[in-house]
Amino acid sequence: MDSDTLLFLTLVNVFVLLLLPAEGAEYYGTFPNNFMWGLATSAHQIEGAWNDSGKSEHIWDRFCHAGKCWNGATGDVACDSFHKYMVDVQLLKKIGVTHYRFSLAWTRIIPNPLTGEVNHEGLNYYQKLIDELQRNNIIPLVTIFHWDLPQTLEDIGSWANESLVGYYKHYADVVFKAYGDKVLMI
Ligand SMILES: *[C@@H]1O[C@H](CO)[C@@H](O)[C@H](O)[C@H]1NC(C)=O
Ligand SMILES: *[C@@H]1O[C@H](CO)[C@@H](O)[C@H](O)[C@H]1NC(C)=O
């Protein structure tokens, strides 16, 4: 993008922002009581522990390990939320959110989707996180897949292989059964 285009887009944004309050002035300054104040993360961005407690490799692990992420970064440790989730929940509480959306790492829960075997250490991690959020009056919202496809499935053709439908259904069944009545799923 050249600098003129960038300047143009920046000005358009400023323009739109200036217009918005005038257009919907009645919506500003107040929020409905049931407004969900929340923060959102994804597993690969925060968990770290990329090969810990039975988790297998997903496509973002592979991609970053190949040196393709910015400045050679990886999600190997990230915010280490896998180990520090209790500290993170306290930070969420301090900020004052009522909702927290996070994602489940498929590779933590079902390390080998071809066999479908469930890794209870992975399942327990999210259970502990959910319990801790609820103890602190924060409602968990869960994204069950945030693009971190198991590498095993990438290797057999990714989503172009129709057998992924069955593997995904099995994963979805496992997580709905484990957490479905405790969280909002999105
Ligand atoms: C996990 O990965 C780290 C590098 O990030 C490596 O040093 C360690 O040996 C690996 N552990 C296992 C159990 O494979
Ligand atoms: C699709 O996945 C199945 C395993 O479920 C595998 O046997 C098959 O070879 C894969 N197809 C392609 C085109 O890779």
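View 1. Trp50, Asn51 and Asp76 surround ligand 1; a residue is near a molecule or strand if one of its heavy atoms lies within 4 Å of it. Each of the polar contacts below is a pair of N or O atoms within 3.5 Å; within protein, one must be able to donate a hydrogen and the other to accept it, and residues adjacent in sequence count only if both atoms are side-chain atoms. Asn51 places a polar side-chain atom 2.2 Å from an oxygen atom of ligand 1. For Trp50, a polar side-chain atom lies 3.1 Å from an oxygen atom of the ligand. In the side chain of Asp76, an N or O atom is 3.4 Å from an oxygen atom of ligand 1. On its own, ligand 1 has 360 Å² of accessible area, and the protein covers 28% of that. Accessible areas come from the Shrake-Rupley method with a 1.4 Å probe; for residues, only the protein chains shown count as cover.

**View 2. The shell around ligand 2.** Ile156, Asn161, Ser163 and Tyr167 surround this ligand. The shell divides into two nonpolar residues, two polar and no charged. Here Ala, Val, Leu, Ile, Met, Phe, Trp, Tyr, Cys and Pro count as nonpolar, Asp, Glu, Lys and Arg as charged, and the others, Gly among them, as polar. A polar side-chain atom of Tyr167 lies 2.6 Å from an oxygen atom of ligand 2. Ligand 2 taken alone exposes 360 Å², and the protein buries 39% of that.

**View 3. Strand 2 and its two partners.** Helices (H or I, at least four residues) and strands (E, at least two) are DSSP runs, numbered from the N terminus. Two strands pair if DSSP finds at least two bridges between them. Strand 1 (residues 38-40) runs parallel to strand 2 and is joined to it by three bridges. Leu39 has Tyr100 of strand 2 as its bridge partner. Strand 2 also pairs with strand 3 (residues 139-143), in the parallel sense, over five bridges. There, Phe102 stands opposite Val142.

**View 4. The two faces of strand 2.** Strand 2 spans residues 99-103, and five of its five residues are buried. Buried means under 20% relative accessible area, exposed over 50%, partly exposed in between (1.4 Å probe, protein chains only). His99, Arg101 and Ser103 lie on one side. Tyr100 and Phe102 lie on the other. Both faces are covered.

**View 5. Thr107 in helix 5.** Helix 5 covers residues 106-109 and includes Thr107. Thr107 counts as buried because its relative accessibility is 0%. Beyond its neighbours within four places in sequence, Thr107 is in contact (heavy atoms within 4.5 Å) with Gly54, Lys55, Ser56, Glu57, His58 and Pro150.

**View 6. The chain as a whole.** The chain has eight helices and four strands. From the N terminus, the order is α-β-α-α-α-β-α-α-β-α-α-β. Of the 186 residues, 38% are buried.

**Notes.** Residues are numbered from 1 along each chain as its sequence is written, while chains are lettered from A and ligands numbered from 1 in the order in which they are written. In this predicted model, local features need pLDDT of at least 70, side-chain atom pairs count only at pLDDT 80 or more, and totals for chains, interfaces and linings use all residues; side-chain values use heavy atoms, with hydrogens and water left out.
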